[in-house]
Amino acid sequence: IDAAVIGNHDYMFGGKQLGAQIREVNSKTQFLGANMAQTTSMNLKGLLKASAKFEIDGVNIEVIGLTTNSLHFVYAFSPGIIFPPNPVSRSYSKKAKESGADLIIGLTHLGVDGDKKLIKADPNIDLVIGGHSHTVLEEIEWQKNSAGKNIPIVQAGAQGNYVGSLIIDVNGPNDYTVESYKLHPTDNSVEKDEAVLSYVNE
């Protein structure tokens, strides 16, 4: 896993515990939360980033992580603060565009409704990979941005019940096409892979 956005269940025991958990895991995954303001006591320095950059076959990709600031959950991130996602997204996506990103992905934990609001508020977001509402999107949800362009939203439910596969062809900034999208169930219909089983057992 190259990048993951922090969700409300990740910080439900507080910001300090989140920092301790990430350090204990010692993962190569880049943990993102652009709208999460940490404090020194949380010990998250160097562990929680606003965005992640990737270069794949000459295509520059920037992934911006945005999590929910709902009052139902945000108090648990204490002593840190979670800001509204939309203005934060606009700030980071603008910088990404100016630095030459060909594709800007919003990796979110806002729910599908929140994703739609994000797209309406941020004209630089090219694609949203979402979570939080546990929505099983078997087809792409499209939302027009302020420039009138349809932006795809994908989400693969919850609890790892599906793995999403999205293939896009990127020709340049603001120029890409969706080639395919599919959710793959992770139930007992999936054939066992002996190599994976051996690795898990080890």
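**Close-up 1. The hairpin of S5 and S6, with a positive phi at Asp57.** In this predicted model, the hairpin has 2 residues between its strands, and Asp57 takes a positive phi near 50°. Strand S5 (residues 51-56) runs antiparallel to S6, and 6 bridges join them; two strands count as paired if DSSP finds at least two bridges between them. Helices (H or I, at least four residues) and strands (E, at least two) are DSSP runs, numbered from the N terminus. Glu55 stands opposite Asn60 in S6.

As for the ground rules, residues are numbered from 1 along each chain as its sequence is written. Local features need pLDDT of at least 70, side-chain atom pairs count only at pLDDT 80 or more, totals for chains, interfaces and linings use all residues, and side-chain values use heavy atoms, with hydrogens and water left out.

**Close-up 2. An open, parallel sheet of 3 strands.** The order is S1-S2-S4. S1 (3-5) and S4 (48-49) stand at the edges with a single partner strand each, so one side of each is left without a neighbour in the sheet. S1 pairs with S2 (residues 30-32) over 3 bridges, in the parallel sense. Look for Ala4, which stands opposite Phe31 in S2.

**Close-up 3. Tyr11 and Phe77, an edge-to-face pair.** Rings of Phe, Tyr and Trp (its six-membered ring) pair if their centres lie within 6.5 Å; planes under 30 degrees apart are stacked, over 60 edge-to-face and the rest tilted. The count by this rule comes to 1 aromatic pair. Here the rings of Tyr11 and Phe77 are 5.5 Å apart centre to centre, with 65° between the planes. Tyr11 lies in the loop between S1 and helix H1 (15-25), and Phe77 in the loop between S6 (59-67) and S7 (81-82), so the pair ties together parts that are 66 residues apart in sequence. Tyr11 is buried at a relative accessible area of 0%, and Phe77 is buried with 0% too (buried means under 20%, exposed over 50%, partly exposed in between; 1.4 Å probe, protein chains only).

**Close-up 4. Lys95 over the ring of Tyr92.** The charged end of Lys95 sits 5.5 Å from the ring centre of Tyr92. To count, NZ of Lys or CZ of Arg must be within 6 Å of the ring centre and within 35 degrees of the ring normal.
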